[in-house]
Amino acid sequence: MKRKLGSRLYVALFLLFMYLPILVLVAFSFNASRSRSHWTGFTFAWYNKLFHNQEIWSAILNTLFVATIAPIVATVLGTISAVGVHFLGKRFKRIMITLTNLPIINPEIITGVSLMLMFKFLRIEAGFKTLILAHVSFNVPYVIFNVLPKLKQMDKHLCDVAMDLGCNWVQVFFKVILPEILPGVMAGFLMAVAFSLDDFVVSYFTSGPTSQALPLTIFAMTRRKVSPEINAFSSIMFVLVLSIIFVMQRLELRSKQVVRGRKTG
Amino acid sequence: MKGCACFVALIPLFIFLSTGFAADIAAEVGIYDKFKGQGISINVYNWGEYMSNGSDGKLNVNKEFEKLTGIHVNYTTFASNEEMYAKISSGSVVYDVIIPSDYMISRMISEKLLARLDFLNIPNAKNVMPEFGGLEYDPTGAYSVPYMWGTVGVVYNSREIKGEVDGFDALWDKKLKRNILMFSNSRDAFAIALKKLGFSFNTENREEILRAQGELKKQKELVQAYVMDEIFDKMQSEEAWIAPCYSGVALAMMKGNKDLRFVLPSGGTSRFVDAACVPISSKKKEAAELYINFLNEPEVACANALYSDCSTPNLKAFEMLPEEIKNSKIAYPDAEVLKNTRCYRFGSQELGGFIESLWIEVLVGDEDNDNWVMPVFIVVCVAAVTCIGVLRVRGKRRKSDVYAGSSKT
């Protein structure tokens, strides 16, 4: 009994540690004044202002745009290259894995500066093009690393079976490999979305006059003061993500129950 | 960009409740019509939170400009002059209107990064107060049109600090230990220390700069924190009692805490002027000049001044301000006080680097410490990595031994 209390306390403290900052942020999005330390009254004003602030909205839309397009491209590229890497010989496989490892270990700032220099060298004007290319480049490794383990788990004879039964390579990929590795692909995609959404350093160096991302806009506010509208937006995002996760879990649970029901029934 | 437009349309959240601002801009509309229907867009680069954006039912400057001229504005923001300079000088981006501060303008003029303005396209430049013409950063006034200005003073809590605060000396007051805030950027911090010592803050004498560094080191143990925008919370919640800050920031803070007071040091202080310029790389200079002209429409300049709490150099906009702001000695100090203020000047890149390195020394702290910390840290890291490596190899060997052993038996 005592042990249970201890572990419960641990979990509670852990959750508090994880979520207290977010709760504070949510609370202060309802604060009447601009202060981030003084509670002066309850208001919805910041939410209202958020919807009228074109500057923040265009930054949000830029961020969402990039965090949708870049992960999609990265997922396609990453999945294809993961399959390629998987079927390589042992030695080349190890080399390729090391090479894809490097960008992850590499400090972001170096990735950012080198991309900026490359775009300049190639005379590509900074804007959505460069921002998306940059995001794709740092997203691809994460997709590869989420897909590779799934490929390893897959029964390698499945492909042979499919080919014996008359599939060509394209059909094998779409009918056999892809369904097997889909969870990994999705995980890689979601991870890429997460990285794209909150990337600051690489965007700092590669964004242009038309493509300022939200983190950069927030940073630019620090000379004066970060507006509580940002709190409001973060709260909306938090609730949105939370509800998406909740719905997904419920759906998963239900589908599991259906499967179980069929098995027993 | 079309992709983005589609995306925009897809997002149901994106409901711009049009504020329906009937543009009361009483201007000669003639010059604004020039680019209508041509689908031109210009790139504007400004400080964050520095332009009225339509929240609170205020004027949405960029939207009004688009409505009036048909020129689309791509508006982006930066947090420091250096950040903006790095982007422009790298040549990887093209901006049409930028709003740097005084010393950065003089640097960019000397590096030939700014274009001469054609004032025929900026008739509203005549609205700018005459004392802002030909300041030292742009002596001929050919490259810039002032956008906003302010001073550096001391903000303090009058309930906690009873005595008279007169100048920067109070920031070194031992009685206020751990209740003092300080600028986290080298330029403002050194300017205050130099002024305290009675030197010019544009000095190029390294002896004087080193003495200023000594002052800042002395101050360090008294300072609670080196801040950027945290100053708002710390001063308003009375976590700290005294801090140097810009006049506009002080005015904004005083709205939240009535005990806060702002003084301009009688020994003189620095003044900043942020001004609109056109980079030489701009390909739409005329449209950019129209935008600068629009910024100097009295209504627009007035809305921007009210939004940012900074002081406007635009005479007609000044006249439109509410009485209490017009008479505020913080936003608009008397001419005699202003006589005692100077703008920063850009010395040289080398000098800037020198000051920056001295500042890092101050922030990082004891030099005695950092002589051994880094090498020891590296040695520990290398040792740890080697240990892990050795252990892994051993573990593998043992495993293979086990397998070898098992296969034998």
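Where in chain B is Ser266(B) found? In this predicted model, where local features need pLDDT of at least 70, side-chain atom pairs count only at pLDDT 80 or more, and totals for chains, interfaces and linings use all residues, Ser266(B) sits in the loop between strand S8 (260-263) and strand S9 (269-276) of chain B. Residues are numbered from 1 along each chain as its sequence is written, with chains lettered from A and ligands numbered from 1 in the order in which they are written. Helices (H or I, at least four residues) and strands (E, at least two) are DSSP runs, numbered from the N terminus.

Ser266(B) has 10 C-beta neighbours inside 10 Å, so it counts as exposed; the cut-offs are 12 or fewer other C-beta atoms within 10 Å for exposed, 20 or more for buried, and partly exposed in between, with C-beta atoms placed from the backbone. Setting aside neighbours within four places in sequence, Ser266(B) is in contact with Asp166(B) and Gly167(B), a contact being two C-beta atoms, placed from the backbone, within 7 Å. Asn304(B) lies 38 residues from Ser266(B) along the chain, and their C-alpha atoms are separated by 29 Å.

As for chain B overall, it has 15 helices and 10 strands, and 42% of its 409 residues count as buried. Take the contacts in chain B between residues at least 6 apart in sequence: 76% of them join residues at least 24 apart.

One sheet in chain B is open, with 3 strands in the order S2-S1-S3 and parallel pairing; strands pair if DSSP finds at least two bridges between them. S2 and strand S3 (97-98) of chain B stand at the edges with a single partner strand each, so one side of each has no neighbour in the sheet. S1(B) and S2(B) share 7 bridges in the parallel sense, and Thr76(B) in S2(B) is the bridge partner of Tyr45(B). Helix H9 (residues 285-295) of chain B packs on this sheet, touching S1 and S3 of chain B, and its direction makes about 45° with that of S1(B). Here axes are lines fitted to C-alpha atoms, for helices over the stretch in contact, and angles run from 0 to 180 degrees between N-to-C directions.

Next, the cores. The largest nonpolar core has 107 residues, and Val97(B), Ala276(B) and Tyr291(B) have the most contacts inside it. Such a core is a set of buried Ala, Val, Leu, Ile, Met, Phe, Trp, Tyr and Cys residues joined through C-beta atoms within 7 Å. Beyond its neighbours within four places in sequence, Tyr291(B) is in contact with Ile42(B), Val44(B), Phe65(B) and Val97(B). Another core, of 45 residues, lies apart from the largest one and includes Val154(B), Val155(B), Val165(B) and Val223(B).

Then there's the interface: 41 residues of chain B are in contact with 35 residues of chain A. On the chain B side, S2(B) gives the largest share, 5 residues.

Over in chain A, helix H7 (residues 157-164) has 8 residues, of which the number buried is 0, so the helix lies largely in the open. H7(A) is followed by Gly166(A), which has a positive phi, near 105°. Chain A is divided into domain 1 (1-53 + 227-257) and domain 2 (58-226), with bounds from an automatic or database domain assignment. The C-alpha centres of these two domains of chain A lie 29 Å apart, and 4 residues of domain 1 are in contact with 5 residues of domain 2.
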